[in-house]
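Please have the sequence and the model open while I speak.

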Amino acid sequence: MALTKNQNVLNWVDEVVALTKPDQVVWIDGSEEQLKALRDQALASGEMTALNEEKLPGCLLHRTAVNDVARVEHRTFICSQDEKDAGPTNNWWDPKEAYTKLGEMFDGVMKGRTMYVIPYSMGPIGSVMSKVGVEVTDSIYVVLNMDIMTRMGKAALDHLGPDSNDFVRGLHSKADIDEEKRYICHFPEDNTIWSINSGYGGNVLLGKKCFALRIASYQGKNEGWMAEHMLILGVENPQGDVRYIAAAFPSACGKTNLAMLIPPEVYAKQGYKVWTVGDDIAWLRKGEDGRLWAINPENGFFGVAPGTNEKSNPNALASTRKGTIFTNVVHNLDDNTVWWEGLDKNPPQNALNWKGEKWDSSTGEKGAHPNSRFTAPAVNCPCISSEFNNPKGVPISAIVFGGRRAKTAPLVYQSRDWQHGVFVGSIMASETTAAATGAVGVVRRDPMAMLPFCGYHMGDYFKHWLEMGEKLGDKAPKIFNVNWFRTDDEGHFIWPGFGDNMRVLMWILDRCAGKADAVETPIGYEPKAEDINIEGLDLTIDTVRDLLNVDKSLWKEEAKGIHEFYGKFGDRLPNELQDELAALEKNLD
Ligand code: OXD
Ligand code: MN
């Protein structure tokens with residue numbers, strides 16, 4: 001039974017029913033009763049496996065098809081009316097053609113299947129910052145994941161109201177999981193996403209990257225707010241005051257770890273605490289008080305399993321101990337639990353690998369897929385912020401950008417002002433590691449960590465950032481850049497990272513509060529080495545000095561790379577950024 005009288009929703013669902021021709025249509029109300037029936041059905045069909053009820057209560061295991069294990073950037077399209085509006089960093093497809101071609105593929109695709117209509121809210125129900133989506137899918141896996149990752153069910157439609165047309169239409173079908181016919185298409189001008197032939201989370205949980213970043217970034221530009229690939233964390237001081245940081249890093253730079261960091265002893269003993277608001281996406285808007293406020297639109301964590309352990313991220317691990325869906329990890333048949341590389345040093349003897357084959361760790365072959373995932377409810381997280389569900393969000397003091405650089409970027413620096421900060425974000429880059437195929441040490445530019453997620457022309461995106469700064473004026477957060485990944489001559493990381501990153505966050509927050517000094521360098525403001533607290537670390541102040549060193553010859557090379565990158569954007573690159581680049585070059589001379 002339809003859960004709403006909203007004619008816009010009903011008409012659209014009618015349209016997709018007529019197109020995909022399912023045997024039946026089930027509206028997802030979000031009730032435990034309905035979810036239990038769906039879980040039972042997925043268990044009966046073998047789509048999911050129930051795990052050990054004592055050790056992992058309510059947890060399920062799922063395996064994707066072997067050809068369907070990650071996001072597919074080369075098959076992801078922005079279908080704007082005008083090709084120029086997708087910009088040089090996105091694949092573009094003419095919307096008319098995309099609708100026609102995909103329409104043929106969707107025609108009758110759900111015959112013999114059930115269609116699930118999932119209403120959901122990105123952001124707390126009732127927040128002015130939240131937005132509603134409706135995803136139609138033929139996958140129970142999608143329904144159960146959306147239940148964890150979003151606020152799903154009737155409440156979302158009630159939030160939308162009887163007349164509004166402001167909801168994102170997401171159509172998904174697994175179809176035949178044919179990678180040659182896999183398409184993830186976004187129609188920003190129609191608030192629409194069509195995804196076909198995949199069952200992998202990042203391609204099919206349409207609330208996440210597709211809506212909350214690609215479509216939302218476009219909405220934000222038009223409506224005066226921002227959708228960013230950022231974690232949000234709060235640092236509470238011994239007096240109980242909490243200040244918030246939003247931070248953008250490319251995929252695989254430790255966002256989830258930073259969001260859930262454990263304060264080092266030197267801060268813990270004084271009573272400092274860190275609280276997680278989000279680990280992947282932030283929606284930011286100017287509040288009534290003129291400051292920038294942020295919500296995490298998600299309701300759970302879709303985290304990478306390998307490498308997550310009691311030491312690297314105990315809070316993430318604890319989050320996965322109940323009500324979690326594991327995808328493509330190792331199945332330990334002895335006690336019906338899960339395992340992945342880097343969980344501990346005891347791979348199970350009697351186990352199936354991520355493909356469901358009998359697996360023997362002594363062969364050296366990995367058991368879990370490197371991109372295996374946990375979908376864990378945010379409420380499970382021991383350090384979840386008390387403000388997680390606050391419809392107002394949290395006020396942001398600092399914005400932090402970062403990447404993986406062996407030599408160029410110092411441990412931390414602050415931009416001179418907002419405009420310079422936008423420049424700093426726009427030149428963000430990471431060097432490829434041995435973990436990925438291809439050459440090691442190649443610089444991949446990833447402005448604001450949004451390269452794969454910006455739903456429109458990135459030159460216009462930079463302009464929008466500049467406009468937000470004008471709107472916020474002197475209440476704008478301060479902007480910083482960090483690099484945890486500097487290496488010595490043998491290629492070892494110099495900075496300890498993980499919880500010790502808090503030492504850098506403390507300087508950042510002190511700068512925001514006007515409590516710390518800085519020295520001016522050609523690239524921006526840096527701490528004095530003695531202002532980074534290294535008490536309890538096996539590290540000398542000279543090493544901190546090295547970590548803060550700005551090598552002018554490397555930066556001159558960097559400036560050349562930036563020229564080349566900026567060249568792509570043509571006349572849509574704001575002049576302000578060209579000016580910042582010229583200023584950098586002048587400072588380096
Ligand atoms: C993610 C990503 O899955 O950034 O969050 O790739
Ligand atoms: Mn991400």
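Let me begin with a definition: angles under 35 degrees count as roughly parallel, over 145 as roughly antiparallel, 65 to 115 as roughly perpendicular, and the rest as oblique. Such angles run from 0 to 180 degrees between N-to-C directions, and the axes are lines fitted to C-alpha atoms, for helices over the stretch in contact. Helices (H or I, at least four residues) and strands (E, at least two) are DSSP runs, numbered from the N terminus.

This is a predicted model, in which local features need pLDDT of at least 70 and side-chain atom pairs count only at pLDDT 80 or more, while totals for chains, interfaces and linings use all residues. Residues are numbered from 1 along each chain as its sequence is written, chains are lettered from A and ligands numbered from 1 in the order in which they are written, and side-chain values use heavy atoms, with hydrogens and water left out.

I turn to the helix pairs. Two packed helices are described by the angle between their axes and the distance between the axes. For helix H12 (residues 418-426) and helix H13 (residues 458-472), the axes come within 9 Å and cross at roughly 155 degrees. H12 and H13 are therefore roughly antiparallel to each other. Their crossing is right-handed; a crossing is left-handed if the near helix is turned anticlockwise from the far one by less than a right angle, and right-handed if clockwise. In contact terms (heavy atoms within 4.5 Å), Trp418, Gln419, Val422 and Ser426 of H12 meet Phe462, Trp465, Leu466, Met468, Gly469 and Leu472 of H13. By class, this contact has seven nonpolar, three polar and no charged residues. Here Ala, Val, Leu, Ile, Met, Phe, Trp, Tyr, Cys and Pro count as nonpolar, Asp, Glu, Lys and Arg as charged, and the others, Gly among them, as polar.

The next pair is helix H16 (residues 552-567) and helix H17 (residues 575-588), whose axes come within 10 Å and cross at roughly 160 degrees. H16 and H17 are therefore roughly antiparallel to each other, and H16 passes H17 in a left-handed crossing. Eight nonpolar, three polar and three charged residues make up the contact of H16 with H17.

Now to the strands, where two strands pair if DSSP finds at least two bridges between them. Strand E17 (residues 292-295) runs antiparallel to strand E16 (residues 282-286), with four bridges joining them. Within that pairing, Trp293 is the bridge partner of Arg285. The hairpin of E16 and E17 has five residues between the strands, and Gly290 there takes a positive phi near 90 degrees. E17 is also joined, by two bridges and again antiparallel, to strand E25 (residues 394-402), where Pro395 stands opposite Trp293.

Finally, Met48 is found in the loop between helix H2 (32-45) and strand E2 (49-50). Met48 is buried, with a relative accessible area of 2%. Among the residues that Met48 touches, not counting those up to four places away in sequence, are Leu60, His62, Tyr141 and Ile325.

Key:
Buried means under 20% relative accessible area, exposed over 50%, partly exposed in between (1.4 Å probe, protein chains only).
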